[in-house]
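Please read it alongside the sequence and the coordinates.

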Amino acid sequence: MKPMNETIIGLLGIELGEMTSDKAMATMPVHGPTHQVFGQLHGGASVVLAETVASFGTWNLIDQENEIAVGLEINANHLRGKRDGIVTAIGTPLHKGRTTMVWDVKIVDEEEKLICVSRCTVAIVQKKK
C-alpha cells in the first residue's frame, strides 16, 4: 500500500477514523484543496471521501494479505453547501458479500447536518502476486 500522503487521501486532508464490522468513519477539512471555484465544498471531494470510507470499510473486513477493495460504482446527492470547517463521513454496510460490498455513506458537518448522501459498491479482488 502506498503512503497516504502520496495519494488523493493525503492531498485532500482525509483522516481515517473508527473502523468496525458495522461502521467506517473519516473526516476531511473544507478548505482550498476541497473547494470548488465559488468557495464551496466540491462535490467531487465529497465523493472521494465517501469512496474512501466505503473502500477502507470493505478492506477492514476482507483478507488483507490476499485481497484488495476497489470502488466499482458510486452515486451521491449533495444536499447542503459548506464553506469551511470539517465534514465527517459515516459509512454502514448494506451488503457484505464475497466479491462485493455495498455501503451507505452519510457526510455530515460539525452540527451533524447532512451535507451529502452516497451509496458505494466496492469490488473485492485478488491481489496480483
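**Note on the structure**

1. At 11% relative accessibility, Lys82 counts as buried (buried means under 20% relative accessible area, exposed over 50%, partly exposed in between, with a 1.4 Å probe and protein chains only). The side chain of Lys82 meets that of Glu110 in a salt bridge, 2.8 Å from N to O; a salt bridge is a side-chain nitrogen of Lys or Arg within 4 Å of a carboxyl oxygen of Asp or Glu. The two partners are 28 residues apart and link distant parts of the chain, with Glu110 in the loop between strand 5 and strand 6 and Lys82 in the loop between strand 3 (67–78) and strand 4. Glu110 is partly exposed, at a relative accessible area of 45%.

2. On the basis of the work: this is a predicted model, in which local features need pLDDT of at least 70 and side-chain atom pairs count only at pLDDT 80 or more, while totals for chains, interfaces and linings use all residues. Residues are numbered from 1 along each chain as its sequence is written, and side-chain values use heavy atoms, with hydrogens and water left out. Helices (H or I, at least four residues) and strands (E, at least two) are DSSP runs, numbered from the N terminus.

3. How many salt bridges are there by this rule? The count comes to three. Besides the pair already described, Asp22 forms a salt bridge with Lys96, whose closest N and O atoms are 3.3 Å apart. Asp22 lies in the loop between strand 1 (15–19) and strand 2, and Lys96 in strand 4, so this pair ties together parts that are 74 residues apart in sequence. Lys96 is partly exposed, with a relative accessible area of 44%. A further salt bridge joins the side chains of Asp104 and Lys106, at 2.8 Å from N to O; Lys106 counts as partly exposed, at 36% relative accessibility.

4. Leu94, in strand 4 (residues 85–96), deserves a separate remark. Leu94 is exposed, with a relative accessible area of 57%. The C-alpha atoms of Leu94 and Asp22 are 9.3 Å apart in space, although the two residues are 72 apart in sequence. Leaving aside neighbours within four places in sequence, Leu94 is in contact (heavy atoms within 4.5 Å) with Val102, Trp103, Asp104 and Arg119.

5. The largest nonpolar core has 28 residues, and those with the most contacts inside it are Ile14, Met28, Leu49, Val87 and Ile107. Such a core is a set of buried Ala, Val, Leu, Ile, Met, Phe, Trp, Tyr and Cys residues joined through side-chain atoms within 4.5 Å. At least two residues of this core are supplied by each of helix 1, strand 2 (24–30), helix 2, strand 4, strand 5 and strand 6. Helix 2 gives the largest share, seven residues. Not counting residues up to four places away in sequence, Val87 touches Ala26, Thr27, Met28, Val30, Leu41, Leu49, Lys82, Ile107, Val108 and Ile115. In soluble globular proteins, nonpolar side chains tend to be buried together.

6. Which residues form the one aromatic pair of the structure? They are Phe56 and Trp59, in an edge-to-face arrangement with 6.0 Å centre to centre and 80 degrees between the planes. Rings of Phe, Tyr and Trp (its six-membered ring) pair if their centres lie within 6.5 Å; planes under 30 degrees apart count as stacked, over 60 as edge-to-face and the rest as tilted. Phe56 and Trp59 are three residues apart in helix 2 (residues 43–59), and are therefore separated by about one helical turn. Phe56 counts as buried, at 15% relative accessibility, whereas Trp59 counts as partly exposed, at 25%.

7. Backbone geometry calls for one comment. Glu112 has a positive phi of about 65 degrees although it is not a glycine. Most residues other than glycine have a negative phi. Glu112 is found in the loop between strand 5 (100–108) and strand 6 (114–126), and is exposed, with a relative accessible area of 66%.

8. Residues up to four places away in sequence aside, Thr121 touches Val70, Gly71, Leu72, Glu73, Thr100, Met101 and Val102.
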